[in-house]
Every structure is written in C-alpha cells, then in structure tokens.
Amino acid sequence: MPQMNKGGKFIFGKSLIRTDGTLRIPPQAMEEYHIADEGKVYLFTGSKITGGFCVTRKGLLHPSKLGHILDDTPPLLDYSAGSGEFIKYKGRSYCWVEISQEGQILLTKKMMDFLKVRSGMELLSIRSSDIAFTMGAKGPLLEKAENYDGEIPLF
C-alpha cells in the first residue's frame, strides 16, 4: 500500500461504509495489528483534522502507555458497557464493538452520527502508531489520497 509522500503516513487502503453500516478493515491492517484476534475492538474518536475513528484492541492498548484509559474506565476494560456505547475520557470518546474474523465491524446509525460519518463514505485506513490505526474521514490526507496517481484498494 502507498505512502502519500516520502516520509508520510502509510495507507492500508480505503474502507466503504455500506448501507447496512458494515465496514471491512483492510487485510494488511488486520494482519499488522492482529486486530480480529480477540473478537472485539475499541473504537475512539479521531483527531479534529482527520476525523473518523481509531481502531485498537485490548491486547495492544492495555499494556501500552495508554493502558490507563482502560484502567480508568472499567466498563470498557470488561466490555460491560453496551456495544457501540461511547464513553468520554479526557477529550476523546471510546467504545467497543465486535469484529469478525474477516475484519468486519458494524457501525450503528447512532455511532455514525456520533462519529460524523455516514454510509457511502470511504474511510482511509492510516497507520497511526503501534497501538492503533486510523479510519480517517476528512482532511489533507484524504485530499492527497483523492489525487494519488497509484491505486488505493477499496474494501
């Protein structure tokens, strides 16, 4: 998958939010983050610039320097909050959802409204850190992707 420019962010591909709210994580992101290994993932609000949401799992987040997020929000840590129910914590909002072995997640209308995304949108899957990747909805990186000469696969 491409880098938009030298030293720039690495792009795994684009994911289409289908009319039923399903979205498929690009296979390369799935492999790199072992994202479906636990059957559940955490989604959290993206940056003001890129929007969308970030994706991680307990096995990456909890042992990291950001593990306190889960320690301080037990309903996320033990998945007792409802699936897709966002919990605000220090400027961002977090939820968990199930993920299929094929990398499919379901965004409800309520979740899409909260995240300011909608069916029919193509989200750009961006390597962010070793803890999470971003499903970006707007901003300069998405504009670069629109003008990119090579092929960015759609999932």
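Colour the chain by accessibility to start: buried residues make up 51% of the 155 residues in the protein chain. Buried means under 20% relative accessible area, exposed over 50%, and partly exposed in between, with a 1.4 Å probe and protein chains only. This is a predicted model: local features need pLDDT of at least 70, side-chain atom pairs count only at pLDDT 80 or more, and totals for chains, interfaces and linings use all residues. Residues are numbered from 1 along each chain as its sequence is written, and side-chain values use heavy atoms, with hydrogens and water left out.

**Stop 1: the whole chain**

Show the cartoon. The protein chain holds six helices and nine strands. Helices (H or I, at least four residues) and strands (E, at least two) are DSSP runs, numbered from the N terminus. Along its principal axes the C-alpha trace spans about 45 × 35 × 30 Å. The radius of gyration is 15 Å, which agrees with the value near 15 Å for a compact globule with 155 residues. That radius is taken over C-alpha atoms, and the globule rule is 2.2 Å times the number of residues to the power 0.38.

**Stop 2**

Select β1, β8, β9, β4, β3, β6 and β5. In that order, these seven strands form an open sheet with antiparallel pairing. Two strands pair if DSSP finds at least two bridges between them. Which strands sit at the edges? They are β1 and β5, each pairing on one side only. Neighbouring strands of this sheet are turned by 30 degrees against each other on average, direction ignored. The axes behind that angle are lines fitted to C-alpha atoms, for helices over the stretch in contact, and angles run from 0 to 180 degrees between N-to-C directions.

Five bridges join β1 to β8, and the two run antiparallel. Lys14 stands opposite Leu124 in β8.

Move to β6, residues 92-98. Five of its seven residues are buried. β6 pairs with β3 in the antiparallel sense over five bridges. Tyr42 has Trp96 as its bridge partner in β6. Strand β5, residues 87-89, also pairs with β6, antiparallel, over three bridges. Here Ile87 has Tyr94 as its bridge partner. β5 and β6 form a hairpin with two residues between them. Check Lys90 in the turn: its phi is positive, about 45 degrees.

**Stop 3: the nonpolar cores**

In soluble globular proteins, nonpolar side chains tend to be buried together. A nonpolar core is a set of buried Ala, Val, Leu, Ile, Met, Phe, Trp, Tyr and Cys residues joined through side-chain atoms within 4.5 Å. The largest core has 30 residues, and Leu43 and Phe53 touch the most other members. α1, β3, β4, β6, α5 (109-115) and β9 (133-136) each supply at least two residues of this core.

Centre on Phe53. Leaving aside neighbours within four places in sequence, the contacts of Phe53 include Leu23, Leu43, Phe44, Ile105, Leu115, Leu123, Phe133 and Met135. Another core, of 15 residues, lies apart from the largest one; among its members are Leu61, Tyr79, Trp96 and Ala132.

**Stop 4: the salt bridges**

The whole structure has five salt bridges. Each is a side-chain nitrogen of Lys or Arg within 4 Å of a carboxyl oxygen of Asp or Glu.

Select Lys14 and Glu122. Their side chains meet in a salt bridge at 3.7 Å, N to O. Lys14 lies in strand β1 (residues 11-16) and Glu122 in strand β8 (residues 122-127), so the pair ties together parts 108 residues apart in sequence. Is each end buried or partly exposed? Lys14 is buried, at 12% relative accessibility. Glu122 is partly exposed, at 35%.

Next, Glu32 and Arg127. Their closest N and O atoms are 2.8 Å apart. Glu32 is in helix α1 (residues 27-33) and Arg127 in strand β8, 95 residues apart. Glu32 is partly exposed at 36%, and Arg127 is partly exposed at 28%.

Then take Glu38 and Arg57, with closest N and O atoms 2.7 Å apart. Glu38 lies in the loop between α1 and β3 (40-45), and Arg57 in the loop between β4 (53-56) and α2 (58-61), so the pair ties together parts 19 residues apart in sequence. Glu38 is partly exposed at 31%; Arg57 is buried at 11%.

Salt bridges that share partners join Lys14, Glu122 and Glu146 into one network.

Notes. Contact = heavy atoms within 4.5 Å.
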